[in-house]
Amino acid sequence: MVNIYMGKGSCYAIKEGIYVKPGPMDLGRAAAHLYLHLRDLKAGYTYNHECVKVRMSRSLFEARCKYLVKLCREQVNDEYECGQVEQLVNTVLDNVKLPQWAEELAKQYLVKVTRLL
């Protein structure tokens, strides 16, 4: 099963030329994932774990956003950090928008793929 958003081998790196820096699901990585989830929702499509393009429905968007909190709790041993992730996820779900501070943070965790010709 391929990671959709994180790492050089992710679907997003291969198909979209951008990916989230690998590591535990902290606030920065969550912000970066949320940035890409919002991008998918706006575009109307995303990828599954086989890197096949699928429709990005509102319910899939919400499920992917909420999953970030679960990942944080599994990967980061810091309830404060995961509480911050949960607050950010709830803000994004309520407003369907990333706060400006989170967008700036997300950009620090996003990597653009450069390809040689």
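The protein has five helices and four strands, and it's a predicted model we're looking at here. Walk along the sequence and you get the order α-β-α-β-β-α-α-α-β.

**Overall build**

A compact globule of 117 residues would have a radius of gyration near 13 Å, and the protein has 13 Å, so the two agree. Laid along its principal axes, the C-alpha trace spans about 45 × 30 × 25 Å. Of the 117 residues, 44% count as buried. Take the contacts between residues at least 6 apart in sequence: 56% of them join residues at least 24 apart.

**The core**

What sits in the middle of the largest nonpolar core, going by contacts inside it? That core has 37 residues, and Leu-34, Leu-88, Val-89 and Leu-98 have the most contacts inside it. At least two core residues come from each of helix 1 (11–16), strand 1 (18–20), helix 2 (27–43), helix 3 (58–75), helix 4 (79–95) and helix 5 (100–109). Helix 2 is the top contributor, giving seven residues.

Val-89 is a handy one to click on. Skip its neighbours within four places in sequence, and Val-89 is in contact with Leu-34, Cys-65, Lys-66, Leu-68 and Val-69.

Lys-70 is part of helix 3. With 45% relative accessibility, Lys-70 counts as partly exposed, because that class runs between 20% and 50%. Glu-86 is 16 residues away from Lys-70 in sequence, and the C-alpha to C-alpha distance for the pair is 9.1 Å.

Most residues other than glycine have a negative phi. Cys-51 has a positive phi, near 65 degrees, and its place is the loop between strand 2 (45–47) and strand 3 (53–55). Val-96 also has a positive phi, near 50 degrees, and lies in the loop between helix 4 and helix 5.

Are these two buried or partly exposed? Cys-51 counts as buried, at 13% relative accessibility, whereas Val-96 counts as partly exposed, at 35%.

| Residue | Phi | Relative accessibility |
|---|---|---|
| Cys-51 | Cys-51: near 65 degrees | Cys-51: 13%, buried |
| Val-96 | Val-96: near 50 degrees | Val-96: 35%, partly exposed |

Terms used: Residues numbered from 1 in each chain as written. Predicted model: local features only at pLDDT ≥ 70, side-chain atom pairs only at ≥ 80, totals over all residues. Heavy atoms only, no water. Rg over C-alpha atoms; globule rule 2.2 N^0.38 Å. Buried < 20%, exposed > 50% of the residue type's maximum accessible area, 1.4 Å probe, protein only. Contact = heavy atoms within 4.5 Å. Core = buried A, V, L, I, M, F, W, Y, C linked by side-chain atoms within 4.5 Å.
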